[in-house]
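The following report describes a two-chain model, with the cut-offs behind each term given where the term comes up.

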Amino acid sequence: MTSDADRSRRTFLTGVGIAALAVTAVTAGQTIAPLAPLAAFAPRRAGAGEQGVPINRTAAEAGVLDLATASTWALVVRGGGSTLAFTRDQLLGRSQTAATLPIACVEGWSTVADWRGVRLLELVAATGQPNRGVRITSLQPNGNYRVTEMGPEFVADPTTLVALELNGEALSMDHGYPARIIAPGRPGVLQTKWLAQIDVLS
Amino acid sequence: MRAARIVLVVLGAAAAIFGIVLVLATQRFDQLLSLAAWLAAAIVVHDGIVAPATTLTTRGLDRVGGRLTARARTVIRMAWGVGACLTLLAVPLVVAQARGARNDSVLAGDYARDLALLWGAIAVVTVLAAAISLGRSRRTSARAASTDR
């Protein structure tokens, strides 16, 4: 025979509560930075990965190694009938903006990082077509997110960047060299790496 | 107490309804289908693996644990439940790691070691809690015996 204390509702709820706390404690750290040291069973580790940020798709997986390192690379920005091209040095020569923004992956991890680059809204304005959305194309030959669109509300944000640096260093290949998008409030899959072209939508 | 319970139930139900409405309003049909599959898998894993495992062990505990206090048996049961949940989290990671990670930043932990460490910690806490409860019940029964005289 078991006593009431042995299998009471209170005991059961206490057990469930402890289990829920334990499960949360060992996983939540992959997105909540202060809990990171406890995140034993998170697929991602805060700070693990090149330049302190985890990577989903490497440059080799995406098949962009040759294109991204080509000396002929330039970011093409098209809009209002004009076509502009910026080499990485030309982008670095423009006024640089720093932003601290997270990569927030739909897989459940997020990591905040320091980014530096050119404001997307300045490149869009250079085409003479301000306050527009854009279509962003990556160098990668295929993939669901090779071509994505960004609404004017994201383009207008002053922290939306064509990023050239990550955590104080030039973007690594796997983080999107020569240039990538970083914007606030967008899922990680839309933070396009290895930029090829930006079309200003009419 | 009764009023507090009613308030909690109403709040909980309202939150659940809000969540359901939000899911139905924002997700496409195919997304809802994969959500349903995911939820069904959670039930299968619970009813098919976790519940049988914990039931079997608690039955075994009832049979061999007669010398333990009821409280000590409760502590062991809770610890087993917590350990089962943590194991459930770790197993897919260990399996995925054995199959090879996608790149260095994925599956960066030593999950098998951490699972062993956590089970060790659970065992230590359980033994301590059970020992404390055993000591307390001995003292209580000793005191009860002395007041009987």
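Over residues 69-201 of chain A, the chain is 14% helix and 41% strand, and the end C-alpha atoms lie 28 Å apart; helices (H or I, at least four residues) and strands (E, at least two) are DSSP runs, numbered from the N terminus. UniProt, in an unreviewed entry, places the feature "domain: Oxidoreductase molybdopterin-binding" at these residues, 69-201 of chain A; UniProt positions follow the numbering used here, feature names are shortened, and annotations may be inferred rather than shown by experiment.

The model is predicted, so local features need pLDDT of at least 70 and side-chain atom pairs count only at pLDDT 80 or more, whereas totals for chains, interfaces and linings use all residues. Residues are numbered from 1 along each chain as its sequence is written, and chains are lettered from A and ligands numbered from 1 in the order in which they are written.

In chain A, A:Ser95 sits in the loop between α4 (88-93) and β3 (97-104). A:Ser95 is exposed because 7 other C-beta atoms lie within 10 Å, where a residue is buried with 20 or more other C-beta atoms within 10 Å of its own, exposed with 12 or fewer, and partly exposed in between, the C-beta atoms being placed from the backbone. The C-alpha atoms of A:Ser95 and A:Arg119, 24 residues apart along the chain, are separated by 8.4 Å.

Chain B has four helices and zero strands. Its overall values are tabulated here.

| Property of chain B | Value |
|---|---|
| Radius of gyration | 23 Å |
| Box of C-alpha atoms along the principal axes | roughly 75 × 50 × 25 Å |
| Buried share of the 149 residues | 15% |

A compact globule of 149 residues would have a radius of gyration near 15 Å, by a rule of 2.2 Å times the number of residues to the power 0.38, with the radius taken over C-alpha atoms.

Helix α3 (residues 70-99) of chain B has 30 residues and should span 44 Å at 1.5 Å a residue, which agrees with its end C-alpha atoms being 44 Å apart; the expected span is 1.5 Å times one less than the number of residues. Just after α3(B), B:Gly100 takes a positive phi of about 105 degrees.

Between the chains, 22 residues of chain B are in contact with 23 residues of chain A, contact meaning that the C-beta atoms, placed from the backbone, lie within 7 Å. The elements that give two or more residues to this side of chain B are α3 and α4 (111-148) of chain B, and α3(B) provides the largest share, twelve residues.

Key: Contact = placed C-beta atoms within 7 Å.
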